[in-house]
Amino acid sequence: MWARSFLSIVTLVLVVQDAAAFKAHDFKTCSQSGFCRRGRALAQRAQEAKSSWISPYSIEPTSVVLEEGAVVKAGVKSSLYPDINFGLEVRIQEDGVVRVRMDEVAGLHKRYDEASSWALISDPVISRSVKWTVGKKDIRAVYGTKKDTEVVISYQPFQVTMYRNGKEQVVVNGQGLLHMEHFRKKPEPPAPKTEGEGSEEQTVLETPNPRAWFEGDKEDDLWEETFGTWTDSKPKGPESLSVDINFPNHGFVYGIPQHATRLALPSTTGENPTFTDPYRLYNADVFEYLASSPVSLYGSIPLMHAHSEDSTVAVFHVVGSETWIDVSHSSEKSTQTHWVSESGILDLFILPGPTPDEVFAQYARLTGAPVLPAQFSLGYHQCRWNYVSSEDVRTVNKRFDEEDIPMDVLWLDIEYSPDHKYFIWNDKTFPDPVDMVNDVAATGRKMVVIVDPHLKRDSNYPVFEKAKELGILVKPKSGEGEYEGWCWPGSSSWVDFFNPASWDWWKSLFKPYQLEGGAWSWTQSTEDVHIWNDMNEPSVFNGPEITMPKDNIHHNGWEHRDVHNINGMLYSNLTWQALAVRSDPPKRPFVLTRSFFAGSQRFGAMWTGDNLGTWEHMAVGVKMVLSNSIAGLSFAGSDVGGFFGNPDPEMLVRWYQVGAFAPFFRAHAHIDTKRREPYLLASPHKDIVYSTLRLRYAMLPVWYTAFRETTVTGVPILRPQYVVFPKDKNGFDMDDQYYIGSSGLLVKPVTEKDVTETTVYLSDDQIYYDYFSFATYRGAPKGKHITVPAALHQIPLFIRGGSIVSTRERPRRASSRMAYDPFTLRVALSKDDSATGDLYLDDGETYSHQQGQYVWRQFSADAEKTKKGGKSIRISSIDLGKIKPTEAVEGAPGLTTYDPKNAYAKTLEERNVRVEKIIVLGLKNKPKSVKVEGTGEELVWDYIPGAGSADKKGGMASTLIIKDPKLKITSDWSVVIS
């Protein structure tokens, strides 16, 4: 919210920027960053030297030690500084992931090595079966079920290479750009000349710098750096880390969010690069960011996927400091990357894949899978800066009901709090906050309230006063007192969440009741209030690059430069934990964060920040959400309508259609924009938005089931073309259409003006059905583009043949009112007359699913031959929980059995939750009978003739509608279509 207009803080007028455009001068480019300049200059020297360039780093063969398990340790030396020692450790984990760690040994200072402790869920298990073989020139390990994976650690120069079937997959230091700047003493300035010196001419012979070939011939901002009016004191001097990571046989790379750019990362160096600056990872409050740029945004995940027709691999570099990444391609089939970080150790995970799904699973085992959210959070969220009073909130809530528009959450931005003292209500505009929340909750809805990390420095503000008393605030570079910066409240300080002493205190603040001993907590709140964590990069209005100085001091003396990109995750992490423990039994929290790091997926949702109400931002928002998804953070979305600007009705309609197909679905707007709640639109635009919102609610079972899958497997909810069809090279560069989980739903949101038709790509030789009209489209073995209608009221949405989609079609005001609604099954037959799909249900609120309180069903359709030689289709429901109890839910590794009669399942049975309609698409002929197997009961049905699933012709699919078969959702059953 850095770009918001300024309301009440006259002291900040000079530092808050006007909403005009992206202010490039507020943020560094590589040429303005000392360590990035040094890293790029190193790469340039290597390129110019060509084959004569050899890395100065090598392994000392006599130092190699094999430890128990697949662990090898060795000493590494640089010929540039033979007195400096580096330690190398390479581990092969149980799942085949390779971890490469290198650190300076016994240096002048300690390098920051704790990033992995925040990102990883546990210390990975080391393989006991893989064995290293030590040779004269290298160390090798061969492993895998087919013994097709090999890791080679070369001595001189030092290099790590992963092979699959003899083919290079990942090469570390293959270009010789590895450089760990060691700690050193600052040189003494030259002594001043005494009187009489220099009276005679002397010839001074400068000693050539023997390291200039590698490091350059002059020091470049090693000890101090200035940007604008700010000076970074760099008390430890240079400590950057450069490393090249190449993918010789993978032409596409994805990931390293967050940037506003294409999913397949465009080049930044080499021949005709798309961008001239590297991709930057440095969490920043970027004002009105560009829709195509490598500029860093609010979050950073240092994970990169590399993909080809043969395999998918990934690298995860666990570093929390500012990092720049260059991407280039020496050919269409290869990718070179160069990573330069300001501080930290080399802690690199190489994920061998070899499929996208296996890469997702490997990453999830490291950093955790997304958490299963509360079901209400998958509904529609209505927000703006700001709903100005409790009566305003009540009015908006009432208008949604009057217009029969579904909504689950109403949001409050910063103006609820006087002087932006979060947790405190403005008693003039919000005199009855608990009653207000309860009134919203009475309609089945929740509220989300913002709590930003900056604390107003005010002795009358109990949150700040207690943080000061506990000594848990971030310190300035002196290490004494509290750092003071400026944000919405004016003079502010920030809690240091790296300090464990802050954790229990922060969690106590969210208790909606009086604490024992009289400590302050948010008693003017309820369990129906969830939290929005904004500005947690952290945003500091008067700081360098609108953030905290790098030489600020955190717990244990670490500088802010070491932990900057991790900072925001810890804030939302602790807030999530606070909500999780405020009730008994615990309920699933909802926390939205703007800043994030690897592992943030364990603590809720993110959004793409302060976007603009433009077509370009609408389009790039889709790409950004896909990029976040493949980097583990599936629960993502962009602000519908754009935070800035006043979109016209056509754009707003299209944006709702985009939002309805994102995991996180929120409309939000700047305080200077016109009100744009959906009920304010005129027809036909209002009617289209209504239909879109109702579609989202009908499909909540699809979204919730997809979330269950990602919490167990790590495979993202939104799946780009290359993830679903990894061998179809035509889809590797596609980022404007995607699949939703394993549902078989393919969507291509329209993100351009005046569109009446669009092109959709089908990768496989399969039939696809238009979700709404049931029109059929057929792919081809080598892929096929189809043209489909896409007028303003039409969403290009398709069901892939072979899928069964479960929906709830009854209109409700909120998802909480849908808990016992019946289901409709859309059975989209494949060309061989089969289909499958699953449905997951639990109470959507508590953690009882981890104790087996859930229902998980599989629906299938199969073609069978009858005894008389005819053909029938059997549609069945079976209990997946009983078949796969260990795969059902996250967080329940000990759940090895499943009780189909669990309390939740009994509730659904007692409330007669059933299948009320089955729609079968693609039957070849009109049925003679439709019966429930076992009872022989003939069901009521209608048939509309049309194209069969295997027909070559197009047109509308044949449609069988089975009316209220009264099949319980918790029971096994079969319907036979003869």
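Which residues of α1 are buried? I began with this helix and found Gly34, Phe35, Cys36, Arg38, Gly39, Leu42 and Ala46 buried, where buried means under 20% relative accessible area, exposed over 50% and partly exposed in between, with a 1.4 Å probe and protein chains only.

I note the basis of these entries. The model is predicted, and local features need pLDDT of at least 70, side-chain atom pairs count only at pLDDT 80 or more, and totals for chains, interfaces and linings use all residues. Residues are numbered from 1 along each chain as its sequence is written, and side-chain values use heavy atoms, with hydrogens and water left out.

**Entry: helix α1**

I looked up the extent of α1, residues 34–49, and found 16 residues with a reach of 23 Å from first C-alpha to last, close to the expected 22 Å. Helices (H or I, at least four residues) and strands (E, at least two) are DSSP runs numbered from the N terminus, and the expected span is 1.5 Å times one less than the number of residues. I then asked what covers the buried residues of α1; the cover includes β11 (179–180), α3 (212–215), β12 (225–227), β14 (241–247), β19 (323–328) and β20 (335–341), with contact taken as heavy atoms within 4.5 Å. Just after α1, I recorded a positive phi of about 55 degrees at lysine 50.

**Entry: helix α12**

I turned to α12, residues 685–698, whose 14 residues reach 20 Å from first C-alpha to last, close to the 20 Å expected. Ten of the 14 residues are buried, so α12 is largely enclosed by the rest of the structure. I listed the buried residues, among them Lys686, Tyr690, Arg696 and Tyr697. Their cover includes β22 (380–382), α11 (649–659), β32 (665–667), α13 (700–713) and β41 (803–807).

**Entry: cavities**

Rolling a probe the size of a water molecule over the atoms shows where empty space is left. On a 1 Å grid over the protein atoms alone, a cavity is a set of points where a 1.4 Å probe fits but cannot get out, and lining residues have an atom within 4 Å of a point. Points are joined across faces, edges and corners, and a volume is the space filled by probe spheres set on them. I counted twelve cavities of 30 Å³ or more.

The largest cavity holds about 140 Å³. Of its 15 lining residues, Val702, Thr705, Ser742, Ser743 and Asp838 are the closest to the centre. I found that α13 gives the most to this lining, with five residues. By class, the lining of the largest cavity has seven nonpolar, six polar and two charged residues; Ala, Val, Leu, Ile, Met, Phe, Trp, Tyr, Cys and Pro count as nonpolar, Asp, Glu, Lys and Arg as charged, and the others, Gly among them, as polar.

The second largest cavity has a volume of about 110 Å³. Of its 14 lining residues, Gly621, Val622, Val625, Val658 and Ala662 are the closest to its centre. The largest share of this lining, four residues, comes from α10. I recorded ten nonpolar, four polar and no charged residues there.

**Entry: aromatic pairs**

I looked up the aromatic pairs and found 53; rings of Phe, Tyr and Trp (its six-membered ring) pair if their centres lie within 6.5 Å, with planes under 30 degrees apart stacked, over 60 edge-to-face and the rest tilted. The rings of tryptophan 506 and tyrosine 571 have centres 5.5 Å apart and planes at 50 degrees, so I recorded the pair as tilted. Tryptophan 506 lies in α8 (503–509) and tyrosine 571 in α9 (560–580), 65 residues apart. Tryptophan 506 is buried at a relative accessible area of 1%, and tyrosine 571 is buried at 2%. One aromatic cluster includes Trp506 and Tyr571, together with Trp505, Phe510 and Trp520.

Notes
On a 1 Å grid over the protein atoms alone, a cavity is a set of points where a 1.4 Å probe fits but cannot get out, and a pocket is an open set with protein on both sides within 12 Å along at least five of seven lines; lining residues have an atom within 4 Å of a point.
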